[in-house]
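Student: I have a structure open and some questions about it. Can we go through them one at a time?
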Protein chains: 2
Amino acid sequence: MEKKISLDDILGMDRSYRRNLMNTISGFKSANLIGTISHRGVPNVAIFNSVVHIGATPPCLGFVLRPLTVPRQTYHNIKARGYFTINVVAESFYEKAHQTSAKYDEETSEFEACGLSPQYTKSHPAPYVQESPLKLGLQFEEEHHITANGTILIVGRVVEALVDSQLIGEDGHVFLDKAGAVSVGGLDSYYTARPLGRMPYARPGKAE
Amino acid sequence: MEKKISLDDILGMDRSYRRNLMNTISGFKSANLIGTISHRGVPNVAIFNSVVHIGATPPCLGFVLRPLTVPRQTYHNIKARGYFTINVVAESFYEKAHQTSAKYDEETSEFEACGLSPQYTKSHPAPYVQESPLKLGLQFEEEHHITANGTILIVGRVVEALVDSQLIGEDGHVFLDKAGAVSVGGLDSYYTARPLGRMPYARPGKAE
C-alpha cells in the first residue's frame with residue numbers, strides 16, 4: 001500500500017538508509033566512467049550515475065560532482081587540463097567499472113588498479129576506457145555550484161566520439177541494448193535492458 | 001569497427017540525426033513525469049529524461065529544462081507556484097507518459113489529454129501521477145542557466161514521497177525492477193530492466 005513519507009521522516013532516517021533511498025527512488029540512471037588525466041600524467045577514471053544530456057547543438061553533456069569537502073581528482077584534473085571523457089559502462093565490464101568507486105590515492109591510476117585499459121587519441125588529451133562501446137571526448141565548458149549542498153554541475157562540449165558505426169541507426173539513434181549498455185539503480189545495482197518499444201514523435205490528439 | 005567522429009563531423013550532421021545521436025550516445029536515462037500546476041489551477045505533466053540526483057542531505061534532485069525560446073509550462077508553473085513533482089515512469093503506462101511530450105496549449109491538462117490521473121495530497125500543491133509507483137514532491141530550490149546553450153538546471157528539495165513500502169528494502173534501497181520502472185534511450189526508446197547484480201561498497205585492493 002502507498003505510504004506518505006514526509007521531509008521530517010526523511011531527515012530522521014539513518015544516514016545510509018536516506019542515501020540509498022534518495023539515490024534510487026527517482027529511477028534508473030546512466031552508468032558512465034569519466035576519464036581524466038592529472039598534470040603529472042596519471043590517468044584517472046571514476047564511475048558516475050549523474051550524466052545528463054544538455055544539448056545537441058552545440059553537443060554538450062553534463063554531470064554532477066560531489067562537494068569539494070575532500071580532494072576530488074576528477075574535478076581537479078578537469079580544471080587543470082580542460083578535458084575529460086564520458087564512457088558508457090557495458091555488461092562485459094560493469095564489475096571493474098564499479099571498482100573505480102574505491103578511494104585510491106592520487107598517484108594510483110584506477111585504470112591499472114581496476115583492470116581497465118586507457119585509450120588515447122592524438123586529438124584529445126584525456127583517456128578513454130578502451131572496454132567501453134560508446135566513448136565521448138569533451139572539452140570543459142562551464143561549472144555551476146549548487147547552493148543547496150555544494151555539489152557541482154560540470155558541463156562539457158563533445159569534441160569527438162569513438163563508436164562502432166554498426167551501433168548507430170540510419171537516423172542517428174544509438175542502439176544501447178545492442179551495445180550492452182547498463183543502467184544503475186542508486187550507487188550499486190546494475191541492470192541490463194530489454195527493449196519495450198520505440199515511440200513515434202507525439203502530437204496532440206493521438207492518445208488512445 | 002570503432003570509428004572516430006570529430007566535432008566537425010557532428011556539426012555537419014543533419015539536425016535530426018545529430019539530436020538522436022547526442023541524446024542516445026551517453027547511455028540510458030531516467031524516464032520521469034514532472035507534474036506542476038498553473039496559477040489558474042490547470043495541472044500540467046510532461047516527460048523528462050534528465051532527472052539527476054543532487055544529494056541526500058538535504059534531499060535534492062535536479063533536472064534540465066530546454067531553453068526558454070518558446071513558452072515552457074513546466075518552468076512557468078514551477079516559478080509561479082514554487083512546487084513540482086517527479087514521478088517514475090513504469091512499464092504499465094509508458095505509452096501514455098510518452099504522449100505528454102506532444103505540444104498541448106496551456107489551457108489543456110496533459111493528464112486528461114493523455115489518460116493519466118492527477119493525485120493530490122493536502123501537504124503539496126503540485127499534482128502527482130497516480131499511475132506512478134514512485135512519486136516525489138519537491139519545493140523549488142534554485143536554478144542555473146547553462147551559458148553554452150540556454151538550458152536550465154532546476155534544483156528542488158524533496159519534501160514528501162509517496163511509495164509502497166514493499167518496494168523499499170531494509171537498507172532504504174528501492175527495487176526499481178520490482179516497481180516496473182523503465183529507462184529511456186534518447187527521446188523515444190523505452191526499456192525495462194533485468195538485474196545484473198548489486199555490488200558491495202568498493203575498497204582499494206578488492207579488484208579481481
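Predicted model: local features only at pLDDT ≥ 70, side-chain atom pairs only at ≥ 80, totals over all residues.

Student: What is the strand order in the open sheet of six strands?
Tutor: The order is 2(A)-12(A)-13(A)-13(B)-12(B)-2(B), and the pairing is antiparallel. The edges are formed by strand 2 (29–30) of chain A and strand 2 (29–30) of chain B, each of which pairs on one side only.

Student: Where does strand 1 of chain B pair with chain A?
Tutor: At strand 11 of chain A, residues 152–164. Strand 1 of chain B spans residues 2–6, and five bridges join these two strands in an antiparallel arrangement. Within that pairing, A:A161 is opposite B:I5.

Student: How many residues does the contact take from each chain?
Tutor: 107 from chain B and 106 from chain A. On the chain B side, 52 are nonpolar, 32 polar and 23 charged.

Student: Why say that the copies meet through the same surface?
Tutor: Because 99% of the interface residues of chain B are also interface residues in chain A.

Student: Switching to chain A by itself. How many helices and strands are there?
Tutor: Chain A has five helices and 13 strands. Its radius of gyration is 18 Å, close to the 17 Å from the globule rule for 208 residues, so chain A is as compact as a globular protein of that length.

Student: What box do the C-alpha atoms fill?
Tutor: Roughly 55 × 50 × 30 Å, taken along the principal axes.

Student: And what share of chain A is buried?
Tutor: Buried residues are 51% of the 208. As for contacts in chain A with a separation of 6 or more, 63% are between residues 24 or more positions apart.

Student: Take A:T85. Is that residue buried or exposed?
Tutor: Buried. There are 29 other C-beta atoms within 10 Å of A:T85, and the cut-off for a buried residue is 20 or more. A:T85 sits in strand 7 of chain A, residues 83–88.

Student: What does A:T85 touch, leaving out residues up to four places away in sequence?
Tutor: A:I34, A:G35, A:A126, A:P127, A:Y128, A:K135, A:L136, A:G137 and A:L138. There is also a C-alpha separation of 6.7 Å between A:T85 and A:T36, which are 49 residues apart along the chain.

Student: One more topic, the prolines. Is the peptide bond from A:T57 to A:P58 cis or trans?
Tutor: It is cis, with omega near -5 degrees. A:P58 is in the loop between strand 5 (52–56) and strand 6 (59–65) of chain A.

Student: What about the bond from B:T57 to B:P58?
Tutor: That bond is cis, with omega near -5 degrees. B:P58 is located in the loop between strand 5 (52–56) and strand 6 (59–65) of chain B.

Notes:
Residues numbered from 1 in each chain as written. Chains lettered and ligands numbered in written order. Contact = placed C-beta atoms within 7 Å. Pairing = 2+ DSSP bridges. Helix = DSSP H or I, 4+ residues; strand = E, 2+ residues; numbered from the N terminus. Nonpolar A, V, L, I, M, F, W, Y, C, P; charged D, E, K, R; others polar. Buried ≥ 20, exposed ≤ 12 C-beta atoms within 10 Å, placed from the backbone. Rg over C-alpha atoms; globule rule 2.2 N^0.38 Å.
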